[in-house]
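Welcome, and please take a look at the model shown here.

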Amino acid sequence: MSPTAIPIPVLPQAQDVPEPAEIRRWASERGILILAHSYQDGFLQEAAHFVGDSLELARAAAREQAHAICFCGVHFMAETAKILNPAAEVFVPDLEAGCSLADSCRAEDLARYQDFLAGKLGRRPVTVAYINCTAGVKALSDVICTSGNAREVVDSIPAGEPVLFVPDQHLGAWVAEVTGRELILWNGSCIVHELFSVDTVRRLQEQHPGAVTLAHPECPKAVREAADQVLGTAGMLRVAREAQDQTFIVATESNMLYRLNKEAPQNMYIPAPGASCACNLCPHMQKNTPEKLWRALQARQPQIEVAPEVAARARRALERMLAVRPAAR
Ligand code: SF4
């Protein structure tokens with residue numbers, strides 16, 4: 001039996017805000033590139049010129065050479081766009097849209113820990129930073145990764161080199177499993193993915209026996225082990241596009257289902273609920289609204305600034321990531 005598609009969520013009504021296509025056209029006429037992360041709501045995704053995960057957006061920011069970028073995502077993502085495109089004005093709908101994972105790793109704490117490890121190991125470990133971190137942390141890191149390329153990035157480091165992985169302990173633990181490398185892990189985590197419970201995932205699996213469970217590598221180990229596949233959001237999209245009439249249980253931020261329904265509507269997607277709430281929306285991403293986007297586009301504010309010396313060091317670590325060839329997977 002083929003699954004029944006869950007309808008794409010109704011776009012929010014925004015007073016005095018044009019339709020998403022009109023916003024995009026307005027921005028294009030003024031040379032503004034709108035980027036939106038896949039965890040943004042449907043309205044913002046529709047208004048954007050480009051929707052993607054952190055890696056896709058970093059690549060788009062580097063490739064497009066836009067003079068002005070409006071970034072619908074969280075603060076560290078806009079910083080990344082600014083670092084890769086320093087001549088561009090980069091602005092955001094809400095400067096307060098942060099990230100609990102990025103907040104869990106402060107640059108000064110990381111610097112102290114790197115010094116401690118250097119003393120203990122007799123050499124500095126190679127620091128691999130998940131892209132969900134501040135510019136200051138990127139500047140202290142040797143190479144950046146995303147959930148989509150973390151495995152390849154760690155594989156690119158010569159065997160025998162000690163590796164410190166920051167800030168997400170669950171992603172780091174998964175990378176250690178799939179690469180067979182021993183990694184020193186920072187103990188940060190994402191408040192959204194941390195909340196998925198293996199019990200609720202198993203209950204959904206019992207209710208939908210033919211379903212394929214996809215879990216993001218930021219999920220805790222028990223949830224990853226209950227899943228059929230552990231994938232970043234780009235990997236989830238690839239699997240969904242290749243499937244036909246398949247039911248998927250999806251353990252990641254629930255706005256991802258908007259993109260899945262749009263780009264692979266032949267399947268059914270069931271969001272995995274968190275342990276304490278029925279949805280898994282990122283409260284930081286939710287700070288961006290259609291009204292704030294429209295205001296930001298007109299004012300070209302609030303802008304993101306990164307100190308030039310921090311940006312230069314962070315850019316080196318980002319460029320090292322962009323040079324790592326993606327695996328044919
Ligand atoms: S989903 Fe998690 S990692 Fe992503 S922005 Fe929200 S808190 Fe940060």
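## A salt bridge to start with

R259 pairs with E56 in a salt bridge, and their closest N and O atoms are 3.7 Å apart. Please keep in mind that this is a predicted model. Between domain 1 and domain 3, the count comes to two salt bridges.

If you like to colour by domain, the assignment gives domain 1 as 20-97 + 285-304, domain 2 as 102-189 + 309-322 and domain 3 as 193-271. The C-alpha centres of domain 1 and domain 3 are 27 Å apart. Domain 1 brings 12 residues to the contact, and domain 3 brings 11 residues.

About 960 Å² is buried between domain 1 and domain 3, with carbon and sulfur atoms giving 44% of that area. On the domain 1 side, S38, Y39 and E46 stand out: they supply 52% of the area this domain buries against domain 3, more than any other three residues.

## Around the ligand

Where does the ligand sit? You will find the ligand in the largest cavity. Surrounding the ligand are Y39, V74, C99, S100, N132, C190, V192, E218, C282, H284 and M285.

Definitions and conventions:
Residues are numbered from 1 along each chain as its sequence is written. This is a predicted model: local features need pLDDT of at least 70, side-chain atom pairs count only at pLDDT 80 or more; totals for chains, interfaces and linings use all residues. Side-chain values use heavy atoms; hydrogens and water are left out. A residue is near a molecule or strand if one of its heavy atoms lies within 4 Å of it. On a 1 Å grid over the protein atoms alone, a cavity is a set of points where a 1.4 Å probe fits but cannot get out, and a pocket is an open set with protein on both sides within 12 Å along at least five of seven lines; lining residues have an atom within 4 Å of a point. A molecule sits in a cavity or pocket if more than half of its atoms lie within 2 Å of its grid points. Domain bounds come from an automatic or database domain assignment. Contact means heavy atoms within 4.5 Å. Buried area is the accessible area (1.4 Å probe) that two parts lose on being put together, summed over both. A salt bridge is a side-chain nitrogen of Lys or Arg within 4 Å of a carboxyl oxygen of Asp or Glu.
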